Amino acid sequence: MLSEDRIKIMTDLAFFEQGSGSRKLKISSYYRRDYVGIHMISTALWVVLGYILLLVIGGAMFITQILGVLTVTNIVRFIVLIIAGFAVLLTAYLIMAYTHYSRKHRIARRDVKKYYAELRSLEKLYEQEDRAEAAAGNLEGDQ
Amino acid sequence: MKTLLVFRERLKKFYAQNSMFIDKAFQFVLALVVFTAISNSLGFMKSLTNPILLAGLSVICMFLPINGTVLFAAALILIQLYKLSIEVMAVTAAIMLVMFILYFRFVPKQAIVLLLTPLACALKIPYIMPVALGLTATPLSMVSVGCGVMIYYIIHYVTVYAAGVSTADEADAVSRVSYFVQNVLQNKQMILMIIAFAIVITVVYAIRRQSFDHSWDFAIAAGLLLDFVVFVIGNIAFDVKIDYGMLILGSILSLILSLILELFLFTVDYSRTKSVQYEDDEYYYYVKAVPKVSMSVPEKTVKRINHGRGSQHFERPLPEEEEEDIDREIRKKAGR
C-alpha cells in the first residue's frame, strides 16, 4: 500500500544518496582530527608545489635584475626572503585548510545524522505497516 | 514592468518543466562558444580548430560537471600554445597550476568564472563580471575574476604578438621565457583591470547588502560608475590606451545585463515595506521586511466567436415560442 509519509522520507533519502550523500558519508566515516589532518598535510604538499611554481615564474620575470645583483650577501638575503615567504604562505594556508575542512566535516556529520534519523523513521513506518497487515491477516483467519 | 514580471514567471515555469534539457543545452553552448573562441584566437594547431571536433568535445562536456569544461578549455589552450612555443606553454601551464593549487582547490564552484571572464572580455563586456559577482557572490570572488582576466590577457598577448613570441630575438629558452612572462604579467592594462574589478566587487557587495531602498539599483550604478572612473584615472596615470567608446558601450551593455540579472534575482515591492521593532532579554531588534513581487501568469482562455458569412452555426436555434417570450420580456423592460 502506498504511504504518503513513507514516500516523502524515501524521496529525501534518494536526494541525499544520489546527490552529495556518498561524499558526505565518506567524510563522516573519518574522525574529525584524522580528516582535517590528512587535508592539512595534502594542502601543505600542494602549497610547496605552488610556491615552487611561483618562484619559477617570479624568477623568470626578474631574471635579468637578479643576475645583475648576484653577490653573496644578496644570495643570503634572497634565501631568507624565500624561506620567510614560504613560512607565511604555508601558515596562512594551513589556517585556511583547518577552518575549511573542519567546517566541511561538521556539515557532513550533521547531514549524515539527519540521513540516519530518516532511515530509522522509514524502518519504523515499515514495521508499523507489517504489524497492521499481520493484524488484518489474523482477523481474517478468526472469521 | 508587469509584462516583464509575467515574462519572468513564464520563463521560470518553462525552466522548471525542462530544467534538465536547458542545463545540458547551456553546458553544450557554453563549451562550444569557449572552445570556438580559443580556436579562433589561438589557431596554431589547425587540426584542433575543426568545428566537428569542437562540437564533439562540447557534447562530452554536456555530461560532465562544469569544471570538466574548464579542464578541457585549459587543455585546449595549452595544446595550442605548445604548437607555438614550448616555453610559452610551460609558463602558461605554471600560471594555471598556481591558480588551481592555491585557489580553485578550495572553491571549485568558482572555476566557471575562469571561463566566463575571458569570454566577457572577448565580447567587450568585461564590466558585467565584477557587478554580477558583487551582486551574487562574496568579495573573495575578486581572486577568480583576477585569474580570469589573467587568462584572457595571456591569450590576447599571444594572439597579438604570436610572431614575436615564437621567434623572439633572444637566443636561449630562458630569455624567451623571461620575455614572455615580463610582457604578460607586467601588462599595465591587465593590472588596472584586476584592481578596478576588485574595487568594484567590494563596493557592489557592500552596497547591495545595505537595507536602504533600491540598494541593488544603487549597487549596480555605483559599480559601473566606479569602473568607469578607475579606468579613466588609470588611463591618465599609466597611459594604458583604453578605448573610451568601447568602455562606454561595454558599460551600457553591462548595465542592461545587470538589470536583467536583478529582475531574476531581486524583485521587491518597496511600497509595501514593513518595519517592526521588538526586544528580548539581550537585544533590541529593528526588522525591515520587504515583500517580494510575485506575479501569477494569467491563464489564457480561447473564446471562438463564429459570425458572418461562411461561418458555421453550431448553436441550437430557439423555438418560435421561446423567441416570442424573450421579445415580450425585452419590451416589458423597455416600458412598452
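Mentor: One term is needed at the outset. The model before you is a predicted one.

If neighbours within four places in sequence are set aside, the residues in contact with A:Ser28 are A:His105, A:Ala108, A:Arg109 and A:Val112. Is A:Ser28 buried or exposed? A:Ser28 counts as buried, because its relative accessible area of 12% falls under the cut-off of 20%.

From this residue we may turn to the way in which chain A meets chain B. In that interface, 20 residues of chain A are in contact with 16 residues of chain B. The two chains bury about 1600 Å² between them, and 75% of this area is on carbon and sulfur atoms. Three residues, A:Trp46, A:Ile57 and A:Met61, provide 35% of the area that chain A buries against chain B, more than any other three residues.

Which elements of chain A give two or more residues to the side that touches chain B? They are α2 (32-61), α3 (63-68) and α4 (72-142). Of these, α2(A) gives the most, with 11 residues. Sorted by class, this side of chain A has 14 nonpolar residues, 6 polar residues and no charged residues.

Chain B itself has 13 helices and 2 strands. Of its 336 residues, 38% count as buried. Among its contacts between residues at least 6 apart in sequence, 69% join residues at least 24 apart.

The structure holds 0 disulfides over all chains. B:Cys121 is accordingly in no disulfide, and the nearest cysteine sulfur, that of B:Cys147, is 13 Å away. B:Cys121 counts as buried because its relative accessibility is 4%, under the 20% cut-off. B:Cys61 is likewise buried, with a relative accessible area of 0%.

Lastly, two loop residues of chain B stand out by their backbone angle. B:His214 lies in the loop between α10 (188-208) and α11 (215-238) of chain B, and has a positive phi of about 55 degrees although it is not a glycine. B:Asp239 is found in the loop between α11 and α12 (244-265) of chain B; its phi is near 55 degrees, again a positive value in a residue other than glycine. With regard to accessibility, B:His214 is partly exposed at 39%, whereas B:Asp239 is exposed, since its relative accessible area is 54% and the cut-off for that class is over 50%.

Conventions
Residues are numbered from 1 along each chain as its sequence is written. Chains are lettered from A and ligands numbered from 1 in the order in which they are written. This is a predicted model: local features need pLDDT of at least 70, side-chain atom pairs count only at pLDDT 80 or more; totals for chains, interfaces and linings use all residues. Side-chain values use heavy atoms; hydrogens and water are left out. Contact means heavy atoms within 4.5 Å. Buried area is the accessible area (1.4 Å probe) that two parts lose on being put together, summed over both. Helices (H or I, at least four residues) and strands (E, at least two) are DSSP runs, numbered from the N terminus. Ala, Val, Leu, Ile, Met, Phe, Trp, Tyr, Cys and Pro count as nonpolar, Asp, Glu, Lys and Arg as charged, and the others, Gly among them, as polar. A disulfide is a pair of cysteine sulfur atoms within 2.5 Å. Buried means under 20% relative accessible area, exposed over 50%, partly exposed in between (1.4 Å probe, protein chains only).
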